Amino acid sequence: QSGLETWDRILILTICAAGIGGTFQYGYNISIINAPASYIQMFMNTTWLERTGVPLESNVILLLWSFTVSAYPLGGLTGAVVAGPMAIMLGRKTSLLLNNVFVIIAATLSGFSRMAKSFEMIMLSRFFTGMNAGVSMNIQPMYLAESAPKKLRGAVALTSASFTALGLVLGQVVGLRELLGGEENWPFLLASNVVPALIQLTALPWFPESPRYLLIDRGDKESCTSALQKLRGTSDLSAELEEMLAEQAAVKGQRAKNPWELFQNPALRWQLVSIVVLSSAMQLCGNDSMYFYAAYVFQEAGIPQDKIPYVVIGTGSCELITSVTCVRHSMHSVPSLVFRWSLWLMACIFAYILSFGIGPAGVTGVLPTEVFDQMSRPAAYMICGSLLWFNLFLVGTAFPFIVKSLAHFCYIPFLVVCVCTALYVWFFLPETKGKSFLEISEEFRKRNFRTKTRAGFYKGPEEIKTTTL
């Protein structure tokens with residue numbers, strides 16, 4: 001029992017060390033930019049006035065602010081592209097550690113931006129912050145899913161969504177006026193993302209690299225066994241090692257694939273379609289527009305202006321509660337939170353975010369790990385991450401125009417996306433729970449080559465008896 005408790009504790013600490021500097025940063029850096037928005041725009045105007053003697057027009061300030069906001073998904077897209085090569089060449093754990101360099105650069109730029117009287121430093125810092133999030137959103141689920149035992153793989157990988165939601169909530173809390181959300185403290189608020197980075201740099205080196213990466217990519221069986229012993233304790237490792245060796249044999253002689261090679265491989269057709277559909281739907285379902293425009297919606301619902309920041313915290317709390325509850329496999333008490341609110345509009349927003357936390361927030365990050373083999377997995381995450389960040393940029397840019405065109409029906413396009421995605425998952429995506437990576441690959445192989453398999457049953461006539469009509 002004590003051995004079981006030891007490896008449980010090590011696995012939990014590994015999850016925390018990876019998450020605090022990983023997907024936590026994605027959620028945290030999405031939310032901390034909202035509180036100081038007006039102060040940063042004032043800083044832009046004041047800085048330009050000191051430089052040129054002429055104040056900026058309101059539309060120019062809005063344009064500069066849009067550049068600042070869009071730098072984050074642009075950096076995320078860049079990070080998603082470099083995450084694959086980093087994971088292959090450096091390993092999963094080392095990539096997560098090196099990824100903190102981007103946050104340290106970003107925190108330095110934003111922390112000294114007011115002192116240097118340069119709003120361009122804020123834009124650049126948001127780009128580096130996005131790069132950090134883009135890398136971590138790809139590599140952290142891969143690292144955790146490859147390190148977890150088969151029976152816990154889904155639950156462990158789902159913790160990436162929990163850390164994202166935790167980052168959202170803490171970013172909203174730290175952004176309150178009483179903490180770092182005031183006019184004097186906004187540079188410290190933007191630079192506060194260095195704290196999780198320093199925690200990860202201190203904690204993660206004590207935990208092992210992904211055992212699958214060590215064995216299948218590096219061919220280092222001794223290091224793989226050592227990593228498994230740290231993660232699993234003294235329990236029998238023969239079954240898990242046998243499964244890894246079988247996967248190693250299946251990809252023997254292959255090299256890590258590039259993203260475009262996945263599109264050319266018919267054996268990966270349905271896997272690729274699945275991650276494209278789900279990665280796109282994760283942003284096109286409209287959940288992030290809830291975060292971007294929740295303050296405006298709550299204001300229209302009649303919530304007092306000084307209470308809105310506290311109500312907005314509830315949106316992040318909803319996703320945090322559902323993502324944590326998904327990991328614990330207990331969903332019974334969560335929906336009751338929604339109906340404590342008196343306004344139907346608020347109830348709809350909270351219900352929408354609750355449903356996002358139950359499904360897409362966690363499952364999308366796990367899927368590429370489960371449906372692709374070791375050689376295809378980094379490239380699959382590059383595709384997945386690129387789609388996620390591109391669609392985040394697309395939704396953030398297009399949503400104001402959708403609202404202007406459709407008014408109260410602005411969420412109809414998102415409803416269509418949700419329904420179509422649900423139908424695809426129901427009819428085309430096989431269940432992966434409790435299955436080994438090879439078992440999942442075999443199920444997709446049957447699906448990808450179903451037509452050829454059926455045609456293969458015809459053997460032709462065994463003997464031609466006569467040619468007479």
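Tyr26, Tyr72 and Trp389 form a single aromatic cluster; rings of Phe, Tyr and Trp (its six-membered ring) pair if their centres lie within 6.5 Å, with planes under 30 degrees apart counted as stacked, over 60 as edge-to-face and the rest as tilted. This is a predicted model, in which local features need pLDDT of at least 70 and side-chain atom pairs count only at pLDDT 80 or more, while totals for chains, interfaces and linings use all residues. Residues are numbered from 1 along each chain as its sequence is written, and side-chain values use heavy atoms, leaving out hydrogens and water.

Tyr72 also has a charged neighbour: Arg126 lies over its face, 4.6 Å from the ring centre (a charge sits over a ring if NZ of Lys or CZ of Arg is within 6 Å of the ring centre and within 35 degrees of the ring normal).

In the whole structure, seven aromatic pairs are found. One of them, Phe43 with Trp186, is tilted, at 5.3 Å centre to centre and 55 degrees between the planes. Because Phe43 lies in helix α3 and Trp186 in helix α9, the pair ties together parts 143 residues apart in sequence; helices here are DSSP runs (H or I, at least four residues) numbered from the N terminus. Phe43 is buried, at 9% relative accessible area, and Trp186 is buried at 2%; buried means under 20% relative accessible area, exposed over 50% and partly exposed in between (1.4 Å probe, protein chains only).

The largest nonpolar core has 48 residues; Ile40, Met44, Ile139, Tyr143, Trp186 and Leu190 touch the most other members. Such a core is a set of buried Ala, Val, Leu, Ile, Met, Phe, Trp, Tyr and Cys residues joined through side-chain atoms within 4.5 Å. Helix α7 gives the most to this core, with ten residues.

Notes:
Helix = DSSP H or I, 4+ residues; strand = E, 2+ residues; numbered from the N terminus.
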